[in-house]
Amino acid sequence: MDRDQLRSLPTWIPRPDGWEKARGRMRYLTDLHHPGMLIGGVLRSDYPHARIRHIDTSRALQIPGVRAVLTWRDVPGLNRYGIVIQDQPVFCEDRVRYVGDVIAAVAADSHSSLEQALAAIQVVYEPLPVVSQPEEALRRTSVKLHPTGNLLHRRTFSRGDVKQGFAASAVVVEAVYETPRQMHTYMETEGGLCIPEPDGSLTLYAPTQHGYGDRAQLARILGWPEERIRIVSSPIGGSFGGKDELNVQPYLALLALSTGMPVKIHQSRAESVRSGLKRHPMRIWMRTGASRDGRILAHDVRIVADTGAYATLGPAVLDFAVEHATGPYVIDHVRVRGYSVHTNCGVAGEFRGFGGNQVTFALEGQMDRLADALGMDPLEVRRRNFRATSDRGPLGQTIAPTEGADEVLAFVERKRAEVQSRHAPSSASAYHRRGVGIAVTMHGGGLGLRRPDHTGGRVRLTRHGKIELAFGFEECGQGVIAAIPLLAAEVLDCAVEDVEVVLGDTSRVPRSGSSTASRATGMVWHTLKRIRPDWESKMLSIAARVAERRESDLRLGPGGVHERNAGRLVASYSDIAAAAGDDLPEVEIASHFPVTPDTWAQDGAHYLYSFAGVVAEVDVDLLTAEVRVTGLHQGVWAGRVVNPMGYVGQIEGGGVMGLGFALMEDALMEEGRYVTRNLDTYLIPTALDVPEMELDAIIPKMEDDHGPRGVGEIGTVAVAPAIAAAIHDATGVWITALPVRQDVLLAEMAKRGETLWRWMPSDASKEWTSWGRERIASSSS
Amino acid sequence: MEPRVWLPTSLAEAWACKRTLGDSACYVAGSTWLQLRAASGDTVPSEWICVDEIADERDVPVEVDSTLHVGLRVTLAEVIRSSAVRRHWPHLHQVCRFVGAPALREQATVVGNLVAQGDLVPYLLVSGASLLSWNEGAIEEKSVSEWLTFRGATSDALVSRVKIPKELEHVRFFMRKVGRRAGFQPALVTIAASLENDDSGVIDDLRVAVGGGVHWPHRLPQVEALVRGERLRPSLLRELHRMIQSEMRTYDDAFATAEYRRVVVANLVTAFVASALEG
Ligand SMILES: Cc1cc2nc3c(=O)[nH]c(=O)nc-3n(C[C@H](O)[C@H](O)[C@H](O)COP(=O)(O)OP(=O)(O)OC[C@H]3O[C@@H](n4cnc5c(N)ncnc54)[C@H](O)[C@@H]3O)c2cc1C
């Protein structure tokens, strides 16, 4: 279904929060004010790596208007956090490992007192050598950032014998690929408001992808039972993975607790850049061998990820990259070795695509190089190695059968032909060259095998006859808030208008895990499916009483319960609510995201996958090597379309994010310090960079019982390799490092003899000796 | 820290204010450049002498005897909106749009851009613009290039107006800002060039200026002299390409090498010259 077809679906409804957000009227949690609230802030490290010799807060405490200055001594519970491994200090005691590390927090009456106090805190550092390259960090001689050393995580996978595979190969291609430290660049920087309640509990208004996750982490830090903390986490001004981990919440809570007053923190963009998570920069070496007829025989991969100072989700991101190193291709001899390495370069963590974007750039680059070496169409090489519907997954595990790979390849073939026929070569000017590139990908959804991938939710009838659906994951801009009523209408047979959605408040929602890994939409569907039988029987039994019918003659429907056959409404949801009195129907379930039945498979192995095929068109200015993406078309196979507007939004938005990753986004660091400290130098695409985008939402011919797959990530994954391939098509230069640097591209073009003199229009460059006078004579006549 | 704001009502008063406050003060037009610097962590003066209330200066550009007078309060948006500019200064119109994004241009001024050595300066250098400034109780007029060279010595001078000669029809112009995305960004390099030739194809006048980013905006006099009075020939184009690279002063930074900037300017200007003479 293309965009027009999606638009014409009855389920094409504007997202409820869209208008407010587009007009800038939405009040986010960081817009909240509370009478008498204090302003909080934190002091971050002056050094990317140093020992702390001394911390003196006495002068700061004397500044008028300062209410609290906290350091590590003031943490009642665990002075560490981290979703899986708690290794990140809330406050550093004796050592800092990156420029975002926190030494102290201050609450004051005003911004100016706060700033003075932060400036008055004296910290004596002893700078340590900065570890800025993962390869260097792995050396035995390197300074160790943690007692366990600098290797956070190692993950390998192998099948067959790559030596044997290469020996049998007719061609072998080899390259090193490098990917940038991309920043999430959510519109709303980190912050929130924390209120100490009269009953001794804390309410924390702070955007996150996982309210319950934050609650558990904060309880550990405060040494409290979780129930004493309430997290309100919606609405959120963007996250993309960047707000799953804690950021300023611990300081909000500790400051509010120590002053007994409400405290607000809202980070500036500069501080957000300095402290926030980024996408893992990866250096990926790949060697791939194939037979003359294009069958891949061996694939050898080494991934080194720069995970920065602390763990957060570094191990899981690496596992994902290792799993996706072979993508949708079936290869007999495979060896993948992955290392996630600590450095003093910020902290890398969860980010839309979760390691898939990096490894797909490399893998698809290999496919193009193989095609080139074989003199074969890049599409054909891919086809010859593609998985079939019931093939096992990349780690050898059983996965839900899917024809997604073939479907997206068919899209790519069709769209590429269409795009190429549009490009009459003559239409470009002398100094511009166009190129077309393709890429495909296969992307796992959910957290995977043996990961705490809880789902669940609650349905209940309200006193006013609304069907209230509550989930513990968040609306983080992805549009699940619009998808929930649509899914409810479908699974519970009600009308969209019957539904009320509750998200983002631990006091009102059950646990459902995090909004991550493209799982929210799928989770809603699974949960509702499981809720349905109980819900139906509870509702029908009350309706039977109200309507004086047999339950078996009734069914759920829009607005209430209907006669099974005639279809007439016999008891509205309000009637049922009235009849139920205090005993309103309610069903709550907890379950787990679907995983592979092969329990022997590696941790994190996925069961459900989605697919994307991308066709990118670029225009390269040969004089400057500026690259413009003029077309970005994606065919996506992700199960059924639940919320068409949300689907389009995710794929287009993801596409633009992928374009930024390919062409401009990189949080540059030198010796552990950010060079791009704000959005004047860290560039993301603007509306002017957004190309023509076409979308084909490929609907499965036969639907399985695993429901929609979620499209939060898939639209970002294969964009960069398609753009890189298009640049190669235009210029002959192979791109190995992202973002594509113009200076590198221009120099590479020059090496290939692509200089001004070659491109000058032929009438200007021919017959140089007599050209001047004749040309002018003829043009003036 | 919040700056202290002064609102003088005449050029003389503003200048006197600056003279008294010295280095702790600066003139402020749209304040966009100053805010950008403050946001990057640079220290900016704490006393702001705002030009908003200065009488006698217009808010819109005015055409006087084939010259465009742009007063110290005129924003880039006003220049872009001016029908005179669209008609007779189409390349000024173009370069104003190089700067920032629409909302920013409603606030940012031409004079502020000139003093901050922004993207307009290469154009101003090539177009032969001059400026009026108030200093030591008198108005002085200097060419933009002269002013750029000597401003260090007269840092209290208050620029009151920029005067830009009409773009002549027989002069060809070339304006380009090279950056890392399609718009709203700092330049890697900004280029302006103009070319005049006689009917027989002899180059009367080539002007080339380079600026943008943290370049000190400058013309390339040797390059300009190289082709003056010459007829275009392939060897001359090659010499031009070489000389642009050797004459221009540029820099390496985290985003592009100096070499890249040199080659890009040489490519663009050479291609411009070649195509302009083609007809
Ligand atoms: C988000 C953003 C994007 C930007 N993008 C660009 C861009 O693409 N290209 C670009 O060139 N610039 C850019 N800038 C910088 C700046 O906005 C422009 O250069 C703008 O034209 C400056 O004008 P202003 O009126 O705001 O100057 P101000 O900030 O008010 O002043 C700039 C300088 O001029 C001095 N000054 C002001 N008036 C006078 C006067 N009458 N006499 C003497 N000195 C004076 C000030 O003291 C200061 O040193 C950007 C800024 C921001 C915040």
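**Two chains and a ligand**

The contact between the two chains draws on 37 residues from chain A and 39 residues from chain B. The model described here is predicted. The size of an interface is often given as the accessible area lost when the parts come together. Here, chain A and chain B bury about 3200 Å² between them, with 60% of it on carbon and sulfur atoms.

Polar interactions also cross this boundary. The rule finds 2 salt bridges across the interface of chain A and chain B; in a salt bridge, the side chains of E626(A) and R176(B) meet at 2.5 Å, N to O. Across the interface there are also 13 residue pairs in polar contact, both residues at pLDDT 80 or more. On the side of chain A that touches chain B, the elements giving two or more residues are α20 (742-751), α21 (756-759), α22 (762-765) and α23 (768-780) of chain A. Of these, α23(A) provides the largest share, 7 residues. By class, this side of chain A has 18 nonpolar, 8 polar and 11 charged residues.

Attention now turns to the ligand. Of the 29 residues around the ligand, Y27(B), G30(B), T32(B), T109(B) and D119(B) come nearest. The shell divides into 18 nonpolar, 9 polar and 2 charged residues, and at least two of its residues come from each of β2 (25-28), α2 (32-39), α7 (110-115) and β8 (158-165) of chain B.

A polar side-chain atom of T109(B) lies 2.6 Å from an oxygen atom of the ligand, while a backbone N or O atom of W33(B) lies 2.9 Å from an oxygen atom of the ligand. For V159(B), a backbone N or O atom is 2.8 Å from a nitrogen atom of the ligand. The protein covers 88% of the 980 Å² of accessible area that the ligand has on its own.

Methods
Residues numbered from 1 in each chain as written. Chains lettered and ligands numbered in written order. Predicted model: local features only at pLDDT ≥ 70, side-chain atom pairs only at ≥ 80, totals over all residues. Heavy atoms only, no water. Near = heavy atom within 4 Å. Polar contact = N/O pair within 3.5 Å; in protein donor to acceptor, adjacent residues only side chain to side chain. Areas by Shrake-Rupley, 256 points an atom, 1.4 Å probe, with all protein chains shown as cover. Helix = DSSP H or I, 4+ residues; strand = E, 2+ residues; numbered from the N terminus. Nonpolar A, V, L, I, M, F, W, Y, C, P; charged D, E, K, R; others polar. Contact = heavy atoms within 4.5 Å. Buried area = accessible area lost by both parts, 1.4 Å probe. Salt bridge = Lys/Arg side-chain N within 4 Å of Asp/Glu carboxyl O.
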